[in-house]
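Please look through the sequence and the model below before reading on. The paragraphs after them go through the structure part by part.

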Amino acid sequence: MIKALIWDVDGTLSETEETHREAFNRSFAAAGLDWTWDRQTYRRLLQVTGGKERMARFAADNGTAMDAEVIQETHEDKTKSYGKMLETGSASLRPGVRNVIGATRQHGIRQAIATTTSPPNIDALILATMGCPADQIFDVIAAGDEVAAKKPAPDVYLLALERLGLPAADCIAIEDSVPGLTAARAAGLRVMVTPSLYTDGDDFGTADWVLPDLTGPLLDPLAAILARA
Ligand SMILES: [Mg+2]
């Protein structure tokens, strides 16, 4: 029995990572930091979950001392910059996402979010792509700094399950990355992976399903889910 889908946000609902990368670079320049993250660098940094954590890792890798306050301020600026880019840009949901959310909701399947990204980023993305506040689509949102340990730790998924009031066996997680897959598996969830621009080619061997996107062949597991629902 499936009672809820639990969605990752970045890379899964939308290919947001390029927008995040650009927002980071703008904020580094605004802060007077001599940092530019190209795609290859960002792909490597995506192994670290959380924007502030990525900045700390990059600083450490480059032997740069950087205090937590500067990281915090630069990251706040980056979040604002990201929101503005979504407002004025062309953010879109990945193929099939809208249909899957709509069809499963019609079957009474609840929708949740379990993400490392911050609530303002979620609101900006959902407003830009679906035209309404995130809490009109998602019954539960577990996000950002609400848990001590970010993915690949299971904490954010466990928080989503607690708020749903459901056991892991009743839910399916949808992810695009190895840290996300690891987090969801550790929470006891079945996981559907749709690799994204930055994760294509990674090893998703522990996933229950790996699908190029949520259209076409992807409808197999979902059709099965809906048939059982
Ligand atoms: Mg992701």
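The coordinates come from a predicted model, not from an experiment. As a general point, the strands of a sheet pair through backbone hydrogen bonds, in either the parallel or the antiparallel sense.

Strand S1 covers residues 4-7. On one side, S1 pairs with strand S2 (residues 110-114) in the parallel sense, over 4 bridges. Strand S4 (residues 171-175) also runs parallel to S1 and is joined to it by 4 bridges. Within these pairings, Leu5 is opposite Gln111 of S2, and Ala4 is opposite Cys171 of S4. Ala4 also has a bridge partner in S2, namely Arg110. Which way do the residues of S1 point, and are they buried or exposed? Ala4 and Ile6 point one way, Leu5 and Trp7 point the other way, and all of them are buried.

Arg110 belongs to strand S2. Its relative accessible area is 31%, which makes Arg110 partly exposed. Apart from its neighbours within four places in sequence, Arg110 is in contact with Lys3, Ala4 and Leu5, and also with Asp139, Arg163, Leu164 and Leu166. Ile2 is 108 residues away from Arg110 along the chain, yet their C-alpha atoms are separated by 9.1 Å.

The next element is helix H6, which spans residues 119-130 and has 12 residues. From its first C-alpha to its last, H6 reaches 16 Å, close to the 16 Å expected at 1.5 Å a residue. Its buried residues are Asn121, Ile122, Leu125, Ile126, Thr129 and Met130. Seen down the axis of H6, these buried residues fall within an arc of 120 degrees, so they line one face of the helix. What covers the buried residues of H6? The cover includes helix H1 (17-30), helix H4 (68-88) and helix H5 (97-106), together with S2 and strand S3 (140-142). After H6 comes Gly131, with a positive phi near 75 degrees.

The metal site holds a magnesium ion, coordinated by Asp8 (OD), Asp10 (O) and Asp176 (OD) at 2.1 to 2.2 Å. Along the chain, the donors follow the spacing D-x1-D-x165-D. Asp8 has a relative accessible area of 6% and is therefore buried. Asp10, with a relative accessible area of 13%, is buried as well.

That leaves the cysteines. How many disulfides does the structure hold? The number is 0. In general, a disulfide is a covalent bond between the sulfur atoms of two cysteines. Cys132 has 12% relative accessibility and so counts as buried.

Terms used
Residues numbered from 1 in each chain as written. Predicted model: local features only at pLDDT ≥ 70, side-chain atom pairs only at ≥ 80, totals over all residues. Heavy atoms only, no water. Buried < 20%, exposed > 50% of the residue type's maximum accessible area, 1.4 Å probe, protein only. Helix = DSSP H or I, 4+ residues; strand = E, 2+ residues; numbered from the N terminus. Pairing = 2+ DSSP bridges. Expected span 1.5 Å × (residues − 1). Arc of directions from axis to C-beta. Contact = heavy atoms within 4.5 Å. Donors = N, O, S within 2.8 Å, 3.2 Å for Na, K, Ca; no water. Disulfide = S-S within 2.5 Å.
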